[in-house]
Structures are given as C-alpha cells and as structure tokens.
Amino acid sequence: MNIRQLIDYLKNYPSFMENVKLWITKEPIEAVYADYPENINPLLKEKYIAKGVQKLYSHQRLAYDHISHNEDVVIVTPTASGKTICYNLPVLNYIIDNPEARALYLFPTKALSQDQMTDLNSLIDQLGKDIKTYTFDGDTPSSARKAIREAGHIVVTNPDMLHSGILPHHTKWVKLFENLKFIVIDEVHTYRGVFGSHFANVMRRLKRLCNFYGSNPVFIMCSATIHNPKSHAESLIEKSVTLIDKNGAPSGEKHIVIYNPPVVNEQLGIRSSSVKEAAKLGSLILKNKIPAIIFARSRMRVEIITTYLNEQCHGLNIKGYRGGYLPNERRAIEKGLRDRTIDGVVSTNALELGIDIGMLDAVITTGYPGSFSSMMQQFGRAGRRNDSSLAIMVATSSPLDQYIASNPQFIQDANPETASVNPDNLLILMDHIKCAAFELPFGENEKFAEHLSTTSEMLAYLEEMNILKKTSGKYHWMSDIYPANDISLRSAAQENFVIVDKTKKSKVIGEVDYYAAPELIHNDAVYIHQGQQYYIDNLDWDRRMAYAHEIDSEYYTDSQTKTDIHVIEAFETLNKTFFEISRGEINVRSKVMMFKKIRFHTHENLGWADVNLPEIEMHTSAAWLDFDVDFLESLAGKEFAGTVLYSLSYIIKNISPVFTFSDIADIHSLHQARSLYSKKPAVFIYDSMPGGVGLSEKIFNSLEDICAAALNAVRTCSCAFGCPGCIGPVVDGASDIKHLTISLLEKMLSASQIEGNTVH
Amino acid sequence: MDLKSKLSIYKSVKNEPSQEKPNQLFADTAEFLKSINGEKIITDCGNVWRFETRTACNDKYFGIDISALKKNIRPLLSHLNIDETVEIEDLLFFDLETTSLSTGSGNYPFLSGIGYIDGEDFITEQLFMENYSDEPAILNYLLDFFCKAKAVVCFNGKTFDIPLIKTRYRINRIPGFPVKIPILDLIIPGRRIFKKVWENCALQTFEKYIIGFERIDDIPGWAIPQAFFEFQKEGVLEPIGKIIDHNKYDIISMYVLMFIFSKIFNAVDNREYSELETKSLSNIARHLYRVDSESFLNLAEYLGTEFDKDFSIFEKYSITLKRCDEWAKAVHYWQKYPSLFSYCELAKYFEHREKNYVKALEYTDAALLRLNDESQDIVNSVERNINTEKYKTAFETRKSRLSEKIRRIT
C-alpha cells in the first residue's frame with residue numbers, strides 16, 4: 001500500500017475507526033508566488049533559479065522587502081516552506097555588494113547549525129564569490145578559530161557558544177561586531193521558558209556589545225506556528241518587530257487523526273497501552289514501506305517502542321533517536337533517514353526541530369507532546385508538497401490526553417500556544433548582569449534593558465558582594481572567575497552524567513542530564529539505549545559517571561521521588577470560605593527513594609529496591625492551596641483526606657498545561673497533609689525550573705478555569721471509581737475517591753471570597 | 001521583601017569579607033607606595049603610580065657583558081625567525097600581573113611591567129592600577145613604548161600577555177597598538193632546549209637552574225589575583241609590595257635569560273657543544289633537525305652514533321643522512337639498528353633506489369615476521385608506541401607489490 005491506499009484502508013477498518021475520536025482532512029494548498037526583487041544581484045538570482053527556485057513564494061519576497069528596509073522581522077513558517085531563503089537571500093545579496101559586512105546565524109542546537117551550513121556552502125560555492133561561512137561551536141578546532149574570528153562573513157553558532165565563547169571574548173571578534181549587519185535567529189519558538197529567558201538576556205548582552213562597537217544589526221527571526229510570534233520575538237530582542245505570517249508555500253492533503261486506545265478494563269478505566277498501540281500502528285505503516293516517524297514523550301518510551309517495532313518488523317531498519325545519543329550516532333541516523341536507508345525512526349522531541357531528515361509520509365505522536373505547537377511541529381514532519389500525509393496522535397491514559405480525547409474539538413479550535421519568557425527572573429537576570437559586567441564595565445546609570453531601572457540596585461548588590469568594584473562612575477569586574485562558565489543556558493546542561501559500557505572495553509554510550517540522572521541511572525537501574533538494555537552497576541555521583549553492562553532483561557525500572565517544600569515568601573493570597581490560594585517562592589528538595597521493576601509487555605510490577613543518592617535542591621515559584629482541616633475532614637473523613645488531596649494535586653497538575661501553554665514536565669505538584677508553612681493540608685503547584693518562568697503565576701490567576709476543566713475531566717471519565725486518566729491511580733478498596741474529588745472541586749468552584757486580595 | 005534580601009536567599013555568595021583584618025602598617029596607600037619607591041606620574045589621561053629601577057648591566061646579579069650580548073643576540077633572533085637587524089635597544093621586555101589567570105574581557109592587568117636597555121643600564125618600569133579607572137592612563141603611557149619597540153620580549157606572552165593587552169586597548173578604545181609587532185617569547189627556546197631536563201619549563205625553574213637564583217618570600221602566581229582583590233576590598237597593602245617585586249624579577253629574569261639563551265644559540269651555531277648543558281643536547285639536536293640539517297648531523301655525531309640510548313635521534317639522524325644524499329651511511333645505520341623503522345627504510349631504499357626487489361622483499365618479510373611474532377621483545381620505545389596495524393597493512397601492501405614486480409621480471 002502507498003500512503004493514500006493506507007489512509008483509505010484505515011478509514012474502512014472498523015476496529016481502528018471505533019477508537020478514532022477525530023479525523024480532520026486538510027485540503028491541499030496552492031502555492032502563492034512572487035517575482036524576485038528587481039534590485040537583486042543577477043548572479044544570485046541565477047544560482048537560485050538553477051537550484052530550482054524559479055520564483056519566490058510570497059512570504060520570501062515579503063521578508064526580503066522588509067529586511068532590505070532594515071526592519072527587524074519574524075517570519076512564521078510551517079515545516080518545508082523554504083524559510084532558509086527568507087534569510088539567505090537578503091544576507092547573501094547584501095554581502096556580495098558589501099564584503100565588509102558580517103552576519104551571525106543562531107540555531108538552538110549544534111546539529112541544526114551544521115545542517116544549515118551544508119546548504120549555504122553549496123550555494124556560495126556556485127556563486128564563486130569570496131564569502132566565508134563558518135560554524136563556530138564547541139567542535140571548532142582551536143587552529144581554525146582565529147581565521148573564523150577575522151575572516152568569517154557568516155558565523156553560524158548556537159546561543160550557548162555565543163554566551164560562553166564569543167561574547168566574553170568580544171575583543172577578538174572586533175571585525176564581526178563592528179560590521180555586524182544581520183543577526184539571524186532560527187526556531188525562535190524554542191526560546192521559551194528558562195532557555196528563552198536566558199536567551200533574551202544573551203541578546204541584551206549582544207546588543208550592548210554591538211552598541212559599544214557601533215553596529216546596529218537587523219534581526220531576522222523565524223518561528224514555527226505559535227500564538228504570539230510577534231510579541232514573543234519582541235520580548236526576545238526587546239525591539240519592535242514586523243510579522244510576516246502569510247505563507248506562500250504549497251502543501252499536500254493532510255489527515256490528522258486523534259486515536260484513543262480501547263478500554264480493556266471498564267471497572268478500573270484501564271485503556272490499552274498507548275505505547276503498544278503506537279507500536280502496532282507503526283508496524284502497520286512501516287511494513288508497507290511507508291517512511292514514518294513515531295514520537296514518544298520520554299526516552300524510556302522511545303526505547304520501548306523501538307524494541308517492539310524491531311520485534312514486529314523483521315528486515316526493516318528502524319532506529320531510536322533521542323538526547324543522550326552521541327553526536328555521530330545522531331548524524332548517521334539523520335543521514336539514513338534522508339537517503340532512505342533507514343525505514344523508520346522512533347524519537348523524542350529531539351527531532352521536532354528543523355533537522356533535515358527529508359519529508360516523511362506518516363507521523364505517530366504517542367501522547368500529547370505537552371503543547372499544541374509541539375504537536376503541530378511533530379505533525380509537520382509528514383507531508384510532501386504534492387502527496388497526502390497522515391498524522392496520528394495516540395492518546396495515553398494521562399488526564400491531559402484523555403481530556404483531549406474526550407474533547408477533540410480542542411485540536412480543531414486550539415490556538416497554538418503562547419510562548420513566554422521571563423528575562424527578568426531575578427536569578428537569570430543576575431547571572432547575565434555578571435556576564436555583561438565581565439564583558440564591559442557598567443556605567444553607574446546604565447540600564448541592562450530599557451525598563452530595568454533595578455539595574456543600579458543589582459550592580460550595587462554585586463559591589464557589596466565584592467564581585468564588582470565601583471570607581472569613577474563605573475562598575476568593574478573584580479573576580480578571577482569567568483562567569484559564563486558557571487552559567488548554563490539550559491539548566492543542568494553542563495552537569496551531564498556520562499554512561500560507560502564496561503561489557504567488553506570501556507565505551508561511552510551516552511549522557512544523561514543532572515536532574516534526570518537520579519531517576520534514570522541509579523544503581524541497579526535498567527537503562528535502555530538504541531533498544532539495547534544496560535544494567536547500571538555503579539553510579540559515581542561525584543565524578544558524574546555511570547558504569548553499566550549489557551543485559552537482556554525482562555523488565556525495565558521506574559523510580560519514585562520524595563519531595564519536600566518550604567515556602568520562602570508568599571507574594572499574594574486570596575482568602576476563600578474554606579481555603580486560601582497563594583503564590584510566591586518556595587524551596588524544593590527532592591530525592592529519589594526507590595525504584596520499581598516493571599515487566600515488559602504486561603507492565604506488571606516485579607518488585608522494588610531502595611535508591612541511595614543525594615538530594616537535589618531548587619528555588620522556584622509556586623502557587624498553593626491551603627485547606628481548613630475541619631472542612632477537608634468533614635468532606636472526605638480523616639482517613640481519606642490525604643488521598644483526596646493527592647487526587648486534586650494530580651488532576652490540577654495534569655490539566656494545567658492547557659491553560660499555561662507549557663509542557664507538562666514544566667509543572668510539578670505535591671500535596672502535604674500538613675504544610676510546614678501554613679500548618680494546614682496543602683497542594684503545591686510549582687515551576688519545575690529554578691526561579692520559575694511564570695507558570696505558577698498563570699495557574700494562580702486561572703485557578704477557577706483549571707478547576708472547572710478538571711471537574712469536567714473527572715466527571716466525563718469513563719472509569720467507575722477513578723483511574724490514572726482522571727484522579728490518578730487509586731488503591732483498591734479505598735473509598736469513592738472519584739466522587740469525593742468531584743465534590744471537592746464543586747465546593748471549591750462555589751466557594752466565595754471572604755476577604756480582599758492580600759498582597760504581602 | 002526587598003531585592004537584596006531576596007538575592008541573599010537565592011544564592012549564598014562565597015565572597016564573604018574576610019574575618020580578620022591584617023595589620024595595617026601604613027595609614028594610606030600613597031604612603032605605602034611611596035615607601036617602596038613609587039611615584040605618581042602625570043599623564044594626559046590622569047595620574048598613575050610608577051615604579052622605576054635602573055641597574056647597570058654588569059651588575060653582579062646580571063653579570064651581563066653588554067657588548068657580548070649585542071653580538072650574541074643574532075643567532076637567537078634568527079632561530080626564532082625574528083628580523084636579525086633588530087638591536088637590543090629596540091627590545092621591550094613585557095610582563096603583566098592580572099586579576100585572573102584565565103582569558104576573557106573581564107581580566108584586568110593591574111600591574112604592567114616593562115623593561116628596556118638604556119646604554120649600559122637595564123631599566124624596569126612598572127605601572128600600578130590603584131583604581132580601575134587608572135587603566136586608560138596606563139595604556140596610554142605604555143603605547144609609546146610599544147610603538148617604538150621593534151620586538152617584544154616576554155615569557156609565555158604570545159598566548160597570555162600580548163592578547164590580553166590587545167584586548168585592553170580595544171575595550172578602552174585606544175587605537176595605535178602595533179598589532180603585528182614581532183614577539184620573542186622566551187618560553188619557546190626555553191622549551192626547545194630544556195624540555196624534560198628539569199621538572200618543568202616555568203620561568204622560576206630557569207632562574208633556579210640556569211641563572212642560579214632562588215626567590216625568597218615570593219608571592220606565588222595563583223595568589224596574585226586574590227591579593228589584588230584584598231587590596232581593593234580591604235586596602236591590604238603588603239602583598240601589593242610583593243607583587244611589584246615579583247613582576248620586577250620576572251622582567252629582570254627575562255633579560256638575563258635572553259642573555260643566556262643568546263650564548264647557547266651562539267655556541268650551537270659555532271658548534272661549541274662542550275659549552276652546553278649535556279642534558280640539553282638531544283633537545284638541541286631535535287631543534288636543529290627542524291631548522292638546519294647540516295648542524296644537526298654535526299651535533300648528532302658529536303653526541304655519538306651509538307644510538308642504543310636515544311632511538312628517536314637515530315631515526316632523525318638516518319633520515320637526515322638520507323636527505324643529504326648520504327645513502328651508504330644511512331643504510332649502514334639501518335642495518336646496524338634493526339627495527340620496524342629500519343626495515344621500512346631499507347625496503348624503500350632497495351625497492352626504489354637499488355631496484356633490488358628481492359632484497360627489499362627480504363626486509364619486508366623480516367618486518368612482518370617481527371610484527372607477527374608476539375614473543376619478539378620489541379625493545380625500543382619508539383616501536384612500543386607505533387600503530388602496529390597500520391605498519392602491518394603498509395608492509396603487506398609492499399609485500400604484494402614487490403612479489404608482483406619480482407614475478408613480472410622472472
């Protein structure tokens with residue numbers, strides 16, 4: 001079967017269709033073309049035409065026109081709409097006539113920047129002009145760095161390298177900074193949350209240095225579809241930006257399917273595993289030689305699905321792909337997908353970004369990837385310009401997925417998410433003020449950003465801490481530390497753990513980041529890499545190393561974490577008749593206590609063991625609910641008060657992403673029978689990133705909507721007494737927690753406010 | 001909660017003020033700096049502390065015969081590829097003390113030391129950044145010296161002091177630094193001659209073994225940034241005096257070291273090997289191997305052509321013989337010291353020069369036998385480090401090619 005036949009087959013296949021909650025067919029879209037600009041360099045035009053670009057798409061032309069008027073732009077482009085032309089055309093055209101001019105290209109990852117280079121270089125080769133393009137990242141040999149600093153017209157790098165390798169050494173990059181004409185920032189939608197907040201500060205530092213060297217570059221930004229591309233781009237560079245969002249590129253017919261695995265146990269509301277269903281659908285597609293990608297939410301699921309698919313599809317080449325694989329391994333898989341030597345790939349969101357793997361015909365997304373735009377990015381992996389494509393989301397049993405499966409119109413009506421950043425997060429801001437002071441002394445009245453009147457207060461603080469020294473109206477760096485080295489733009493990136501396979505010779509098989517290490521590579525864990533299982537013999541915490549050997553295990557491991565919360569400060573409290581809701585800052589300490597052994601396929605629990613690893617500590621923002629003890633006990637009884645609290649925290653955490661427009665992993669929740677702060681039963685919902693990025697504030701502000709959606713989700717869930725799809729796993733024989741939770745939510749929604757808003 | 005208390009909750013900053021304040025002998029910085037012969041000089045960009053010393057070159061510490069230095073400097077310059085017409089009066093000795101040991105634009109040179117020859121005397125001048133705002137004045141003052149000099153003499157300055165001072169000129173927007181000025185970095189000849197002779201190739205090691213001078217009560221390099229910060233924070237003065245001495249001795253030692261290195265290269269060029277430290281001769285041979293084949297052969301022969309001890313010199317020696325077309329001699333040594341290297345060279349020689357394929361094949365077989373025989377004790381260190389697989393493939397390719405050639409002839 002080809003893709004069209006497969007789509008027809010599925011449409012007429014009852015046992016598939018009875019689980020389909022939504023089937024949207026998007027009609028093919030015709031291209032809208034525009035002429036090349038008249039003032040374009042004829043040779044450049046000729047080379048583009050020779051590459052097959054007979055005419056520009058309308059958005060490419062529009063981008064060119066705005067950029068050539070020195071406007072900062074953000075271009076919103078779906079996958080495969082020719083976005084690279086949007087920036088390469090104006091940049092190359094300018095450099096041909098102004099060989100002194102420089103451009104800086106920023107891609108969120110090293111892999112992406114290398115990918116873009118190939119394309120750009122081949123074009124420049126054909127032009128026969130002396131335009132030098134270089135990648136400058138951690139892999140650039142030191143012998144080549146000098147030439148790049150002095151002669152590179154287009155320097156391609158990533159934010160991390162800009163932050164730690166370029167800005168602190170700006171004097172070596174005089175040519176670049178003095179002549180910087182364009183800054184291209186691709187995939188700006190990925191700069192959200194903590195990473196985005198750091199990124200916005202790196203932009204402040206970059207602009208500060210451009211100002212010092214007297215350049216005023218034009219920003220060219222590209223984004224996948226998000227709700228607020230213009231305001232997001234503006235908050236990243238703190239300048240006003242022109243939005244270009246009328247896409248002129250064509251696309252083929254697209255089928256989008258929401259699939260909810262069948263209920264296999266009515267009583268307990270247990271559905272067939274999404275992992276198994278995804279593997280089943282995946283093998284049907286792949287066996288028909290239809291190139292496909294299967295996305296899964298966690299690294300573990302990627303490995304499990306890869307294992308299942310390899311069992312089911314003999315003779316096909318199916319690979320896993322995720323963070324933690326070494327770069328060479330990843331490059332080989334990307335290449336295999338492009339040249340079709342690999343039939344299918346199972347990936348985490350690592351392949352969501354624009355890494356070139358060619359176009360595929362089908363995508364399966366296992367579990368809502370946490371945000372609508374992320375799902376659209378994944379779906380965008382399928383779809384050629386002139387053929388049909390299929391994208392299926394297989395719902396998991398999580399409340400959020402079940403909410404979507406029972407309200408599939410969500411997908412139809414959904415606005416893509418709002419990307420948000422909080423560059424003024426105190427911790428992040430402080431980090432970058434330090435870096436900026438290292439790069440250039442601060443004037444006493446200088447503001448790090450126009451609205452940051454607190455700059456002087458922060459500088460004074462740093463002086464008091466003996467990190468800066470003020471003389472003659474300037475703050476100078478007074479430490480022998482190189483601050484950028486201690487600051488990672490993606491929390492924990494520098495603290496990766498290395499996994500060494502000792503089966504035969506010692507061989508590094510991959511890496512795990514600091515926060516994930518206690519959960520994934522504790523002693524006796526089964527760690528899966530490329531479908532191969534490894535048994536962790538020893539995790540050397542201090543040296544950040546884990547030693548493992550290959551095994552063939554019938555189970556995988558799943559760890560359990562214990563978390564403690566202390567409130568540092570409450571900013572705001574709303575008093576309701578029998579509860580209070582507050583927001584503020586907290587200190588979270590978490591420790592992995594034990595792990596369970598789960599059998600493959602049946603997912604039964606085979607036993608557990610202790611984990612003995614250090615505690616991890618974090619300060620962050622939170623919203624929390626404090627309940628009157630008497631009220632809660634009268635509602636649920638003394639015995640079940642805690643369980644109801646747990647269910648409430650479970651459903652709020654799981655429903656919140658719909659309202660915060662964030663990834664589910666960005667929010668954590670915890671219930672306490674007696675909060676250390678209020679001495680009352682409490683539920684905490686908090687940002688999972690140090691310092692927070694404003695998610696808990698959104699939750700505080702939309703609690704009523706969240707509770708209403710939670711109530712709807714619990715009420716409409718098909719289970720009898722509660723299940724992981726609504727209020728979380730329920731212990732057998734417990735009281736009717738489901739109805740207790742419903743009644744708690746109802747009471748919360750009808751509770752009235754008894755006092756005014758207290759702002760602390 | 002105000003910003004400050006919030007910040008202190010978030011992060012406990014390690015730089016807490018030190019508990020005990022050291023005794024202050026001097027009421028203020030000026031008094032102290034004057035007591036160690038500092039003077040405040042007036043420049044267009046502000047006033048700045050300067051320390052100057054003038055020492056006769058034939059002083060007992062220096063013991064430098066200035067006319068000998070003038071003569072002997074040429075070989076050193078030529079070995080370091082610096083224009084030989086540069087006179088010693090055109091040299092600027094240069095060393096910085098900085099607020100950090102790493103690089104980056106937040107690293108400030110708070111003490112800039114220079115030295116130069118003036119007639120029969122050697123002058124050091126040091127400029128101290130009492131306040132961060134003194135930096136432009138210091139840079140301006142130094143600029144004349146850099147512009148006048150025809151080469152800068154430093155120790156490890158190519159990677160540290162020179163790029164750092166360039167950065168400072170750029171950040172302060174002071175144009176005119178001669179970016180292409182030749183650099184005579186003494187660490188380069190130091191390493192070439194004395195690599196592995198002593199514990200390391202640090203300036204103070206050279207002082208100890210070559211100059212015969214050991215510093216007393218010197219402040220170690222790693223402690224210097226903190227000492228400056230203590231001065232900035234608490235006004236602690238005593239270490240500043242030590243740093244000024246430390247920097248001064250760095251400059252003076254560079255001067256003496258340059259004199260000694262000049263003598264060494266002069267002796268090398270004149271083939272007066274008995275004048276040289278015995279342990280440094282094989283290093284010198286390695287250096288000559290790169291720059292002057294004839295001198296290399298001469299030194300190697302002086303060192304003795306019994307190569308049992310230093311096999312790497314043997315390889316270089318035989319290769320140089322080959323380069324100088326002394327084939328018979330080369331073949332003699334390859335045969336005298338059989339090794340994979342020798343077999344390879346012999347096989348090449350007989351295959352390509354003598355066209356004696358049978359003989360070439362014999363050596364190839366001998367090499368393969370050696371490679372395949374695990375009981376064979378491969379004695380010398382060079383062979384232990386080789387990539388046997390690569391060697392094996394090369395010999396096997398050679399063998400099949402030779403066999404083919406022999407077959408065609410017969």
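How are helix 11 of chain B and helix 12 of chain B oriented to each other? Let us start there. This is a predicted model, in which local features need pLDDT of at least 70, side-chain atom pairs count only at pLDDT 80 or more, and totals for chains, interfaces and linings use all residues. Residues are numbered from 1 along each chain as its sequence is written, while chains are lettered from A and ligands numbered from 1 in the order in which they are written.

The axes of helix 11 (residues 293-303) and helix 12 (residues 311-323) of chain B come within 10 Å and cross at roughly 135 degrees. Here axes are lines fitted to C-alpha atoms, for helices over the stretch in contact, with angles from 0 to 180 degrees between N-to-C directions; helices are DSSP runs of H or I with at least four residues, strands are E runs of at least two, and both are numbered from the N terminus. Helix 11 and helix 12 of chain B are therefore oblique to each other (under 35 degrees counts as roughly parallel, over 145 as roughly antiparallel, 65 to 115 as roughly perpendicular and the rest as oblique). From helix 11 of chain B, Ser293(B), Phe296(B), Leu297(B), Ala300(B) and Leu303(B) meet Ile313(B), Tyr317(B), Thr320(B) and Arg323(B) of helix 12 of chain B (contact means C-beta atoms, placed from the backbone, within 7 Å).

Further along chain B, the axes of helix 13 (residues 327-336) and helix 14 (residues 340-353) come within 9 Å and cross at roughly 140 degrees. That makes helix 13 of chain B oblique to helix 14 of chain B. Trp327(B), Val331(B) and Trp334(B) of helix 13 meet residues of helix 14 of chain B, including Leu346(B) and Tyr349(B).

Now turn to chain A, where three strands form an open antiparallel sheet in the order 19-21-20 (strands pair if DSSP finds at least two bridges between them). Strand 19 (442-443) and strand 20 (468-471) of chain A are the edge strands, each pairing on one side only. Strand 20 and strand 21 (residues 474-477) of chain A pair over four bridges, and Lys469(A) stands opposite His476(A) in strand 21 of chain A. Helix 19 (residues 455-464) of chain A lies across strands 19, 20 and 21 of chain A, at about 110 degrees to strand 20 of chain A.

Finally, look at where the chains meet: 29 residues of chain B are in contact with 29 residues of chain A. On the chain B side, helix 1 (3-10), helix 5 (161-171) and helix 8 (224-234) each supply at least two residues, and helix 1 of chain B gives the largest share, six residues.

Technical notes: Contact = placed C-beta atoms within 7 Å.
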